[in-house]
Amino acid sequence: MSASIAVLKAEARLFRREPGSVFWILAFPLLLLVILGLIPSFREPGPASGGARPIDLYLPVAVLLGVILAGLTSLPPALTAYREKGILRRMSTTPVRPAALLAAQVIVHGAAALAGGIVIIAVGRLLYGVPLPANPAAYALTLVLGTLGALVGGALIAALSRSAKASTTTATLAFFPVAFTAGVYAPVRSMPEVLRRVVEFTPFGAASQALDQASAGSWPALPLLAIMLVWITVLAGASVRWFRWE
Amino acid sequence: MAIIEVDRLRKSYGGRTVVDGVSFAVEEGEIFGLLGPNGAGKTTTVECIEGLRTPDGGRVRLAGLDPVADRKRVTPILGVQLQHSDLQGKLTVREALELYSAFYPRPADWRSLVERLGLTDRLGVRFEKLSGGQKQRLFIALALIGRPKVVVLDELTTGLDPQARRDTWHLVGGFRDEGVTVVLVTHFMEEAQHLCDRVALLRSGTLAALDTPAGLVESTGGATVVSFTPSRRLDDPELAPLPAIRSVRRLDGDRLVVTGTDETVDALMSMLALNGIAARNLRVESASLDDAYLDLTAKEL
């Protein structure tokens, strides 16, 4: 157990030495929120959104964006590089299983995504008066599920990629449609009815809607949570099934 | 007592047999060399000893344990330096040593290890900034950090400059005094001759010879090696009748290397004189482990 904790501590320290990961996961979504908030029309209540301002709708999107960048974009090359450089192999000759190293990477990326989310919520409140989530427990649950979804999705990309380079390419290609479903280009709530129904079946479309509902104070609709759980289970199963240690 | 037993080991990848019935035993405290050309099955053999691969046939035991089935009991007594295996680039030397110390129940004091390996002034340096020799020394430290009974070093000095190579040999030679058993995979004859108590020579997946380095050299018959560039081409049938001839190798630019005894050399010289063939750049040497290796891995004449 103490060996696994030593691995986790080392990986957390190494994560902080990766300026790229730190920027994309922690700084970029926050910057996006701050910049959007500087646009005056984003701080005016929109006609179609029942009193909510565009910045209020974009805050959960910025949180999800950090989650996606952590799990789907940053995690896969990190995992693949550990395999590619023989770091997993070296570890498998010690009493510690190499799975401890993969787990540490997943935990560190997940923690970074959640920490980034908390900072975004705080900054949104302080700078632009975005209301705090009216149902914090539901919000936290949804955020954790969304983060898990992104992490297992990233783990699957790592499992299927032959090299760190290939996993970066796959992750970049995956990013755009996934960001779309999360509402980065247009909030899911404001999408046309048919499109919204389809997007709600994707992990981040469901997460986006669930976060919206939790922000407003209710519990997310059960089907949304169920969709997320199914995705997490399937992606996790697939990545464990196909992960190559060498 | 043998601490490593390899008995009729077989391993193939996708129908291609890489190790085909190799048997040997390594005694406790011994420095044991595994030699052979690329693709002879050296790395696969040690990977079976390390428990990284499951043998297709035969039996491997490390301190009486099955390296695959008894992983939990094998890893604490095994230290490994792998070919093509890095550390996290941004991990410093100190962090790597502290991390790997945490993996073992009774780790060695890494400070004294580092001092012996001459890495004390590199403790704060990240792995990616180390020179090749420093990386290798760190790998040796990591292989030793769990106080292993057996250390496997795979191509330890490949890519090192001659000075770093000699420094590394000196370190590995020091293990002997501590009773650590070392399995050394190498394709440098000089390294094997310098370090190893005994050497197993692999050739296309089978054991070609198993002896002390001196014994291997002797097995070539206290041989004499003649190398020269003849003024006209000499074919094998012309050379075959020479007495006590063991092997003929052909190098680039028509150069011939003939292994035999002094008698062979005398007969060769007369034969050349009789046929009016000049021997350019003639060199006569007594055989080294290099010659024994080439002799044993070369095709029969």
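This is a predicted model: local features need pLDDT of at least 70, side-chain atom pairs count only at pLDDT 80 or more; totals for chains, interfaces and linings use all residues.
The mean positions of the 37 positive and the 42 negative charges of chain B lie 6 Å apart. In this count Lys and Arg are positive and Asp and Glu negative, while His and the chain ends are not counted. Each charge is placed at NZ of Lys, CZ of Arg, CG of Asp or CD of Glu.

Residues are numbered from 1 along each chain as its sequence is written, chains are lettered from A in the order in which they are written, and side-chain values use heavy atoms, with hydrogens and water left out.

Let me turn to chain B as a whole. Its C-alpha trace spans about 75 × 45 × 35 Å along the principal axes. The chain has 11 helices and 13 strands; these are DSSP runs numbered from the N terminus, with helices being H or I of at least four residues and strands being E of at least two. Of its 301 residues, 53% count as buried. Buried means under 20% relative accessible area, exposed means over 50%, and partly exposed is in between, with a 1.4 Å probe and protein chains only. Taking contacts, that is, heavy atoms within 4.5 Å, between residues of chain B at least 6 apart in sequence, 68% join residues at least 24 apart.

I come next to the interface. Here 25 residues of chain A are in contact with 26 residues of chain B. The two chains bury about 2,300 Å² between them, with 54% of it on carbon and sulfur atoms; this is the accessible area (1.4 Å probe) that the two parts lose on being put together, summed over both. On the side of chain A, R17(A), R90(A) and T93(A) supply 32% of the area buried against chain B, more than any other three residues.

How many salt bridges does the rule find across the interface of chain A and chain B? There are 4, a salt bridge being a side-chain nitrogen of Lys or Arg within 4 Å of a carboxyl oxygen of Asp or Glu. E47(B) forms a salt bridge with R89(A), and their closest N and O atoms are 2.3 Å apart.

A10(A), in helix 1 (residues 2-16) of chain A, touches L91(B) and L99(B), leaving out residues up to four places away in sequence. A10(A) counts as buried, at 5% relative accessibility.

Two residues of chain B remain to be discussed. Phi of E155(B) is near 50 degrees, a positive value in a residue other than glycine. E155(B) sits in the loop between strand 6 (150-154) and helix 6 (162-175). Although buried, E155(B) has no salt bridge, and the nearest side chain of opposite charge, K42(B), is 4.6 Å away. Neighbours within four places in sequence aside, E155(B) is in contact with K42(B), Q83(B), Q136(B), V185(B) and H187(B).

N281(B) also has a positive phi near 50 degrees, and is a residue other than glycine. N281(B) belongs to strand 13 (residues 279-286). Is N281(B) buried or exposed? N281(B) is exposed, because its relative accessible area is 58%, whereas E155(B) is buried at 12%.
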